[in-house]
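Visitor: Could you take me on a close look at the surroundings of the ligand? I would enjoy a connected walk through that part.

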Amino acid sequence: MKTHNIALLPGDGIGPEIIAEGKKVIEAVAEKERFKIKWRPYPFGADHYLATKELLNEDALKEMGKMDAIYLGALGDPRVQPGILEKGVLLALRFYFDEYVNLRPIKLLEGVECPLKNKTPKDIDFHVVRENTEDFYVGIGGAIPKGKSKQLLEVKRTLYNVKFNLDIEADGDELAYQIGVLSSKGSRRVIKYAFELAKKKHKTRVTAVDKANVLSNIYGLWRKVFEEVKKDYPGMETEYNFVDAITMWFVKQPEYYQVVVAPNMFGDIITDLGAMIQGGLGLAPGGNINPDGISMFEPIHGSAPKYKGMNRANPIATIWAGALMLDEIGQEKGANDIVKAIEEVIKEGKVRTKDLGGTATTSDMGDAITGKISE
Ligand code: IPM
Ligand code: MN
(Lines give C-alpha, C1' and ligand atoms only; values in the text may rest on other atoms or scores of the structure.)
(Ligands and ions follow the chains in the order given, each with its own letter.)
Protein backbone atom coordinates (compact mmCIF):
# COMPACT_ATOMS: atom_id res chain seq x y z
CA MET A 1 0.00 0.00 0.00
CA LYS A 2 1.35 3.41 -0.95
CA THR A 3 2.15 5.73 1.96
CA HIS A 4 2.19 9.52 1.64
CA ASN A 5 4.01 11.66 4.19
CA ILE A 6 2.18 14.89 4.84
CA ALA A 7 3.33 17.81 6.97
CA LEU A 8 0.39 19.10 9.00
CA LEU A 9 0.35 22.75 10.09
CA PRO A 10 -2.95 23.51 11.83
CA GLY A 11 -1.83 27.10 12.60
CA ASP A 12 -3.94 29.72 14.37
CA GLY A 13 -7.53 30.67 15.11
CA ILE A 14 -9.95 28.25 13.50
CA GLY A 15 -7.01 26.50 11.80
CA PRO A 16 -6.85 23.48 14.16
CA GLU A 17 -10.62 22.88 13.96
CA ILE A 18 -10.87 22.97 10.19
CA ILE A 19 -7.69 21.00 9.62
CA ALA A 20 -9.00 18.26 11.95
CA GLU A 21 -11.99 17.85 9.63
CA GLY A 22 -9.78 17.85 6.55
CA LYS A 23 -7.63 15.14 8.09
CA LYS A 24 -10.69 13.10 8.99
CA VAL A 25 -11.99 13.26 5.41
CA ILE A 26 -8.62 12.39 3.89
CA GLU A 27 -8.30 9.40 6.20
CA ALA A 28 -11.70 8.12 5.06
CA VAL A 29 -10.63 8.50 1.44
CA ALA A 30 -7.33 6.75 2.12
CA GLU A 31 -9.21 3.80 3.54
CA LYS A 32 -11.56 3.70 0.58
CA GLU A 33 -8.88 4.06 -2.09
CA ARG A 34 -6.35 1.94 -0.23
CA PHE A 35 -3.45 4.23 0.45
CA LYS A 36 -1.91 5.41 3.70
CA ILE A 37 -1.18 8.86 5.07
CA LYS A 38 1.50 9.48 7.65
CA TRP A 39 0.90 12.87 9.25
CA ARG A 40 3.73 14.85 10.74
CA PRO A 41 2.31 17.75 12.78
CA TYR A 42 4.20 21.02 13.26
CA PRO A 43 3.35 23.66 15.85
CA PHE A 44 4.23 26.79 13.82
CA GLY A 45 1.94 29.73 14.37
CA ALA A 46 1.02 32.22 17.07
CA ASP A 47 1.26 30.07 20.22
CA HIS A 48 4.61 28.66 19.21
CA TYR A 49 5.90 32.10 18.25
CA LEU A 50 4.75 33.72 21.49
CA ALA A 51 6.31 30.94 23.56
CA THR A 52 9.62 30.64 21.69
CA LYS A 53 10.01 33.66 19.33
CA GLU A 54 10.55 31.11 16.56
CA LEU A 55 8.58 31.35 13.29
CA LEU A 56 10.02 28.35 11.41
CA ASN A 57 13.25 26.46 11.73
CA GLU A 58 15.74 25.03 9.30
CA ASP A 59 15.45 21.45 10.61
CA ALA A 60 11.70 21.44 10.14
CA LEU A 61 12.03 22.92 6.65
CA LYS A 62 14.55 20.24 5.68
CA GLU A 63 12.26 17.56 7.05
CA MET A 64 9.25 18.94 5.17
CA GLY A 65 11.36 19.01 2.05
CA LYS A 66 11.42 15.22 2.11
CA MET A 67 7.66 14.85 2.45
CA ASP A 68 4.98 14.65 -0.23
CA ALA A 69 3.05 17.81 0.63
CA ILE A 70 2.09 20.30 3.33
CA TYR A 71 -1.48 20.70 4.62
CA LEU A 72 -2.05 24.07 6.27
CA GLY A 73 -4.97 25.44 8.31
CA ALA A 74 -4.62 29.21 8.66
CA LEU A 75 -2.24 31.77 10.14
CA GLY A 76 -2.74 35.07 11.94
CA ASP A 77 -3.55 36.00 15.52
CA PRO A 78 -4.51 39.30 17.16
CA ARG A 79 -1.82 38.83 19.84
CA VAL A 80 0.86 39.09 17.17
CA GLN A 81 1.47 42.21 15.08
CA PRO A 82 -0.10 41.83 11.61
CA GLY A 83 2.34 40.49 9.05
CA ILE A 84 4.73 38.65 11.37
CA LEU A 85 3.09 35.24 11.05
CA GLU A 86 1.81 35.80 7.52
CA LYS A 87 5.26 36.75 6.25
CA GLY A 88 7.33 34.69 8.67
CA VAL A 89 5.45 31.43 8.21
CA LEU A 90 3.03 31.41 5.26
CA LEU A 91 5.00 33.46 2.72
CA ALA A 92 8.27 32.04 4.02
CA LEU A 93 7.02 28.51 3.23
CA ARG A 94 5.76 29.53 -0.21
CA PHE A 95 9.14 31.07 -1.05
CA TYR A 96 11.33 28.42 0.59
CA PHE A 97 9.69 25.65 -1.41
CA ASP A 98 9.46 27.88 -4.49
CA GLU A 99 5.73 27.21 -4.78
CA TYR A 100 5.38 29.48 -7.76
CA VAL A 101 1.79 28.67 -8.65
CA ASN A 102 -1.13 29.56 -6.45
CA LEU A 103 -3.95 27.57 -8.00
CA ARG A 104 -7.43 28.71 -7.04
CA PRO A 105 -10.45 27.00 -8.59
CA ILE A 106 -13.51 29.26 -8.73
CA LYS A 107 -16.38 26.84 -8.93
CA LEU A 108 -19.94 27.27 -7.78
CA LEU A 109 -21.03 23.89 -6.48
CA GLU A 110 -24.49 22.49 -7.06
CA GLY A 111 -26.75 23.54 -4.19
CA VAL A 112 -24.75 26.58 -3.11
CA GLU A 113 -26.51 29.91 -3.19
CA CYS A 114 -24.74 32.34 -5.49
CA PRO A 115 -24.83 36.02 -4.58
CA LEU A 116 -24.99 36.89 -8.29
CA LYS A 117 -28.47 37.03 -9.76
CA ASN A 118 -29.30 34.32 -12.31
CA LYS A 119 -25.90 32.58 -12.21
CA THR A 120 -25.77 28.82 -11.90
CA PRO A 121 -23.00 26.24 -11.43
CA LYS A 122 -22.46 26.07 -15.17
CA ASP A 123 -21.74 29.82 -15.23
CA ILE A 124 -19.08 29.82 -12.52
CA ASP A 125 -16.37 27.28 -13.16
CA PHE A 126 -12.90 28.55 -13.93
CA HIS A 127 -9.37 28.62 -12.51
CA VAL A 128 -7.21 31.49 -11.36
CA VAL A 129 -3.50 30.75 -11.63
CA ARG A 130 -1.82 33.28 -9.36
CA GLU A 131 1.93 33.84 -9.46
CA ASN A 132 3.16 33.15 -5.94
CA THR A 133 6.76 34.27 -5.45
CA GLU A 134 7.26 37.73 -7.01
CA ASP A 135 5.59 41.09 -7.65
CA PHE A 136 4.96 43.31 -4.61
CA TYR A 137 5.20 40.20 -2.45
CA VAL A 138 9.01 40.27 -2.59
CA GLY A 139 8.60 42.47 0.46
CA ILE A 140 11.25 45.12 -0.10
CA GLY A 141 10.85 48.79 0.54
CA GLY A 142 11.34 51.25 3.30
CA ALA A 143 10.72 54.58 4.88
CA ILE A 144 12.64 57.52 3.44
CA PRO A 145 14.05 60.02 5.90
CA LYS A 146 14.33 63.67 4.87
CA GLY A 147 17.70 64.41 3.27
CA LYS A 148 20.22 61.93 1.93
CA SER A 149 20.22 58.26 2.82
CA LYS A 150 21.37 54.91 1.49
CA GLN A 151 19.42 51.68 1.53
CA LEU A 152 20.36 48.18 0.53
CA LEU A 153 17.44 45.92 -0.37
CA GLU A 154 17.77 42.28 -1.21
CA VAL A 155 15.54 39.59 -2.66
CA LYS A 156 16.63 35.98 -2.44
CA ARG A 157 14.76 33.47 -4.50
CA THR A 158 15.41 30.05 -5.96
CA LEU A 159 15.53 31.59 -9.43
CA TYR A 160 17.75 34.59 -8.60
CA ASN A 161 19.13 37.00 -6.04
CA VAL A 162 18.82 40.71 -6.64
CA LYS A 163 20.19 43.66 -4.68
CA PHE A 164 19.03 47.25 -4.88
CA ASN A 165 21.64 49.72 -3.72
CA LEU A 166 19.68 52.91 -3.35
CA ASP A 167 20.96 56.44 -2.97
CA ILE A 168 17.99 58.40 -1.81
CA GLU A 169 17.59 62.11 -1.60
CA ALA A 170 14.27 63.41 -0.38
CA ASP A 171 12.91 66.75 0.63
CA GLY A 172 9.43 65.51 1.47
CA ASP A 173 8.25 65.12 5.03
CA GLU A 174 7.32 61.49 5.24
CA LEU A 175 7.81 59.06 2.36
CA ALA A 176 7.74 55.32 2.02
CA TYR A 177 8.20 53.03 -0.95
CA GLN A 178 7.76 49.40 -1.90
CA ILE A 179 9.42 47.71 -4.85
CA GLY A 180 7.71 45.10 -6.99
CA VAL A 181 9.88 42.68 -8.93
CA LEU A 182 9.00 40.41 -11.83
CA SER A 183 11.45 38.22 -13.70
CA SER A 184 10.96 36.76 -17.12
CA LYS A 185 11.72 33.24 -15.86
CA GLY A 186 9.34 33.69 -12.95
CA SER A 187 6.60 34.94 -15.25
CA ARG A 188 7.25 32.34 -17.92
CA ARG A 189 6.90 29.32 -15.67
CA VAL A 190 3.57 30.40 -14.20
CA ILE A 191 2.13 31.51 -17.55
CA LYS A 192 3.21 28.19 -19.03
CA TYR A 193 1.50 26.40 -16.16
CA ALA A 194 -1.71 28.30 -16.97
CA PHE A 195 -1.59 27.27 -20.63
CA GLU A 196 -0.85 23.65 -19.71
CA LEU A 197 -3.77 23.68 -17.27
CA ALA A 198 -6.05 25.05 -19.99
CA LYS A 199 -4.91 22.28 -22.32
CA LYS A 200 -5.37 19.57 -19.71
CA LYS A 201 -8.88 20.79 -18.87
CA HIS A 202 -9.83 21.14 -22.56
CA LYS A 203 -10.32 24.89 -22.23
CA THR A 204 -10.04 27.27 -25.14
CA ARG A 205 -9.02 30.59 -23.63
CA VAL A 206 -6.36 31.97 -21.30
CA THR A 207 -6.83 35.47 -19.87
CA ALA A 208 -3.83 37.39 -18.54
CA VAL A 209 -4.39 40.01 -15.84
CA ASP A 210 -2.25 43.10 -15.27
CA LYS A 211 -2.22 46.87 -15.01
CA ALA A 212 0.21 47.46 -17.84
CA ASN A 213 -1.39 50.81 -18.62
CA VAL A 214 0.07 52.24 -15.42
CA LEU A 215 2.70 49.87 -13.97
CA SER A 216 4.27 49.45 -17.36
CA ASN A 217 7.70 48.21 -16.31
CA ILE A 218 6.82 45.07 -14.45
CA TYR A 219 3.62 44.30 -16.32
CA GLY A 220 5.24 45.23 -19.61
CA LEU A 221 7.61 42.33 -18.94
CA TRP A 222 4.63 40.17 -17.97
CA ARG A 223 2.99 40.88 -21.35
CA LYS A 224 6.19 40.32 -23.27
CA VAL A 225 6.56 36.88 -21.71
CA PHE A 226 2.88 36.07 -22.24
CA GLU A 227 3.31 36.90 -25.94
CA GLU A 228 6.27 34.52 -26.14
CA VAL A 229 4.62 31.65 -24.28
CA LYS A 230 1.36 31.81 -26.22
CA LYS A 231 3.22 31.05 -29.45
CA ASP A 232 3.60 27.48 -28.19
CA TYR A 233 -0.20 27.14 -27.93
CA PRO A 234 -1.47 28.15 -31.36
CA GLY A 235 -5.02 26.85 -30.84
CA MET A 236 -5.56 28.75 -27.61
CA GLU A 237 -7.44 32.05 -27.59
CA THR A 238 -5.67 34.68 -25.48
CA GLU A 239 -6.38 38.15 -24.18
CA TYR A 240 -5.38 40.76 -21.61
CA ASN A 241 -7.69 42.12 -18.93
CA PHE A 242 -6.79 45.01 -16.69
CA VAL A 243 -7.25 44.07 -13.06
CA ASP A 244 -9.88 46.70 -12.36
CA ALA A 245 -11.92 45.60 -15.37
CA ILE A 246 -11.73 41.91 -14.50
CA THR A 247 -13.32 42.52 -11.08
CA MET A 248 -16.25 44.01 -12.94
CA TRP A 249 -16.43 41.12 -15.43
CA PHE A 250 -16.21 38.45 -12.68
CA VAL A 251 -19.51 39.84 -11.41
CA LYS A 252 -21.17 40.65 -14.72
CA GLN A 253 -20.09 37.71 -16.85
CA PRO A 254 -18.23 34.98 -14.89
CA GLU A 255 -19.26 32.37 -17.46
CA TYR A 256 -16.80 33.93 -19.90
CA TYR A 257 -13.71 32.88 -17.92
CA GLN A 258 -11.80 29.62 -18.27
CA VAL A 259 -8.21 30.03 -17.09
CA VAL A 260 -7.05 33.37 -15.69
CA VAL A 261 -3.36 33.98 -14.98
CA ALA A 262 -2.40 36.87 -12.72
CA PRO A 263 0.63 38.40 -11.02
CA ASN A 264 0.81 37.81 -7.28
CA MET A 265 -0.99 40.80 -5.80
CA PHE A 266 -3.76 41.09 -8.37
CA GLY A 267 -4.22 37.33 -8.07
CA ASP A 268 -4.63 37.75 -4.32
CA ILE A 269 -7.28 40.41 -4.76
CA ILE A 270 -9.35 38.84 -7.52
CA THR A 271 -9.49 35.45 -5.78
CA ASP A 272 -11.27 36.91 -2.74
CA LEU A 273 -13.86 38.17 -5.21
CA GLY A 274 -13.78 34.75 -6.89
CA ALA A 275 -14.44 33.13 -3.51
CA MET A 276 -17.53 35.29 -3.01
CA ILE A 277 -19.06 34.44 -6.38
CA GLN A 278 -18.61 30.74 -5.64
CA GLY A 279 -20.63 31.14 -2.47
CA GLY A 280 -18.22 32.58 0.08
CA LEU A 281 -14.80 32.23 1.63
CA GLY A 282 -15.93 29.12 3.49
CA LEU A 283 -15.95 27.28 0.18
CA ALA A 284 -12.74 28.43 -1.51
CA PRO A 285 -9.61 26.27 -1.55
CA GLY A 286 -6.13 26.97 -2.85
CA GLY A 287 -2.94 25.13 -3.64
CA ASN A 288 0.57 26.61 -3.48
CA ILE A 289 2.18 24.46 -6.10
CA ASN A 290 5.71 23.65 -7.11
CA PRO A 291 5.14 21.04 -9.82
CA ASP A 292 8.64 19.63 -9.23
CA GLY A 293 8.77 20.06 -5.46
CA ILE A 294 6.79 20.33 -2.26
CA SER A 295 3.35 21.88 -2.57
CA MET A 296 1.19 23.30 0.18
CA PHE A 297 -2.61 23.32 0.39
CA GLU A 298 -4.81 25.64 2.41
CA PRO A 299 -8.16 27.41 2.41
CA ILE A 300 -8.09 30.91 0.88
CA HIS A 301 -9.65 32.36 4.00
CA GLY A 302 -7.76 33.42 7.11
CA SER A 303 -7.69 32.25 10.72
CA ALA A 304 -10.92 34.05 11.80
CA PRO A 305 -9.69 34.41 15.42
CA LYS A 306 -13.06 35.51 16.73
CA TYR A 307 -14.52 32.09 15.89
CA LYS A 308 -11.61 30.15 17.38
CA GLY A 309 -12.67 27.12 19.40
CA MET A 310 -16.37 27.65 18.66
CA ASN A 311 -16.77 24.71 16.28
CA ARG A 312 -18.74 26.88 13.88
CA ALA A 313 -16.46 27.63 10.93
CA ASN A 314 -17.17 25.93 7.62
CA PRO A 315 -14.40 23.36 7.00
CA ILE A 316 -15.29 22.85 3.31
CA ALA A 317 -12.55 25.14 1.93
CA THR A 318 -9.96 23.14 3.87
CA ILE A 319 -11.49 19.78 2.95
CA TRP A 320 -11.54 20.81 -0.70
CA ALA A 321 -7.90 21.98 -0.38
CA GLY A 322 -7.24 18.41 0.79
CA ALA A 323 -8.71 17.21 -2.52
CA LEU A 324 -6.35 19.52 -4.44
CA MET A 325 -3.52 18.00 -2.41
CA LEU A 326 -4.52 14.42 -3.24
CA ASP A 327 -4.73 15.39 -6.90
CA GLU A 328 -1.19 16.77 -6.79
CA ILE A 329 0.31 13.69 -5.08
CA GLY A 330 -1.21 11.31 -7.61
CA GLN A 331 -4.40 10.26 -5.80
CA GLU A 332 -6.78 11.67 -8.40
CA LYS A 333 -9.51 9.19 -7.56
CA GLY A 334 -9.43 10.18 -3.90
CA ALA A 335 -9.54 13.84 -4.92
CA ASN A 336 -12.69 13.22 -6.96
CA ASP A 337 -14.27 11.29 -4.09
CA ILE A 338 -13.87 14.35 -1.86
CA VAL A 339 -15.28 16.89 -4.31
CA LYS A 340 -18.22 14.58 -5.07
CA ALA A 341 -18.91 14.08 -1.36
CA ILE A 342 -18.81 17.84 -0.72
CA GLU A 343 -21.22 18.37 -3.60
CA GLU A 344 -23.61 15.70 -2.39
CA VAL A 345 -23.72 17.06 1.15
CA ILE A 346 -24.36 20.58 -0.10
CA LYS A 347 -26.98 19.45 -2.58
CA GLU A 348 -28.85 17.50 0.09
CA GLY A 349 -28.86 20.65 2.18
CA LYS A 350 -29.40 18.86 5.49
CA VAL A 351 -26.03 19.78 6.95
CA ARG A 352 -25.27 23.48 6.57
CA THR A 353 -22.86 25.56 8.58
CA LYS A 354 -23.74 29.12 9.68
CA ASP A 355 -22.23 30.74 6.59
CA LEU A 356 -24.50 28.57 4.45
CA GLY A 357 -27.56 29.57 6.44
CA GLY A 358 -27.69 26.51 8.70
CA THR A 359 -26.85 25.52 12.24
CA ALA A 360 -24.40 22.64 11.69
CA THR A 361 -21.02 22.73 13.40
CA THR A 362 -17.57 22.39 11.90
CA SER A 363 -17.40 18.76 12.94
CA ASP A 364 -20.98 18.03 11.77
CA MET A 365 -19.89 19.11 8.30
CA GLY A 366 -16.70 17.04 8.44
CA ASP A 367 -18.72 14.03 9.63
CA ALA A 368 -21.30 14.44 6.87
CA ILE A 369 -18.62 14.55 4.16
CA THR A 370 -16.75 11.64 5.70
CA GLY A 371 -20.03 9.71 5.83
CA LYS A 372 -20.63 10.22 2.10
CA ILE A 373 -17.15 8.94 1.31
CA SER A 374 -17.53 5.82 3.40
CA GLU A 375 -21.05 5.09 2.07
C1 IPM B 1 -3.88 34.62 0.72
C2 IPM B 1 -3.67 35.53 1.88
C3 IPM B 1 -2.17 35.79 2.04
C4 IPM B 1 -1.69 36.45 0.78
C5 IPM B 1 -1.81 36.64 3.30
C6 IPM B 1 -2.33 36.01 4.56
C7 IPM B 1 -0.32 36.88 3.38
O8 IPM B 1 -4.39 36.70 1.73
O9 IPM B 1 -3.37 33.48 0.74
O10 IPM B 1 -4.56 35.02 -0.24
O11 IPM B 1 -1.77 37.68 0.64
O12 IPM B 1 -1.22 35.74 -0.10
MN1 MN C 1 -5.69 36.73 -0.01
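Guide: Happy to. Helices here are DSSP runs of H or I with at least four residues, numbered from the N terminus. Please keep in mind that this is a predicted model. With that numbering, helix α4, residues 84–96, gives the largest share of the shell around ligand 1, namely three residues. The whole shell consists of Glu86, Leu90, Arg94, Arg104, Arg130, Tyr137 and Asp268. Sorted by class, five of these residues are charged and two are nonpolar, while no polar residue takes part.

Now for the polar contacts. The side chain of Arg94 has an N or O atom 2.7 Å from an oxygen atom of ligand 1. For Arg130, the corresponding distance from a side-chain N or O atom to a ligand oxygen is 2.8 Å. Asp268 also takes part, with a polar side-chain atom 2.9 Å from an oxygen atom of ligand 1. As for cover, ligand 1 taken alone exposes 320 Å², and the protein buries 77% of that.

The structure holds eleven aromatic pairs. One of them joins Tyr256 and Tyr257: the ring centres are 5.2 Å apart and the planes stand at 90°, so this pair is edge-to-face. Tyr256 is partly exposed, because its relative accessibility is 26%, whereas Tyr257, at 4%, counts as buried.

Key
Residues are numbered from 1 along each chain as its sequence is written. Chains are lettered from A and ligands numbered from 1 in the order in which they are written. This is a predicted model: local features need pLDDT of at least 70, side-chain atom pairs count only at pLDDT 80 or more; totals for chains, interfaces and linings use all residues. Side-chain values use heavy atoms; hydrogens and water are left out. Rings of Phe, Tyr and Trp (its six-membered ring) pair if their centres lie within 6.5 Å; planes under 30 degrees apart count as stacked, over 60 as edge-to-face and the rest as tilted. Buried means under 20% relative accessible area, exposed over 50%, partly exposed in between (1.4 Å probe, protein chains only). A residue is near a molecule or strand if one of its heavy atoms lies within 4 Å of it. A polar contact is a pair of N or O atoms within 3.5 Å; within protein, one must be able to donate a hydrogen and the other to accept it, and residues adjacent in sequence count only if both atoms are side-chain atoms. Accessible areas come from the Shrake-Rupley method with a 1.4 Å probe; for residues, only the protein chains shown count as cover. Helices (H or I, at least four residues) and strands (E, at least two) are DSSP runs, numbered from the N terminus. Ala, Val, Leu, Ile, Met, Phe, Trp, Tyr, Cys and Pro count as nonpolar, Asp, Glu, Lys and Arg as charged, and the others, Gly among them, as polar.
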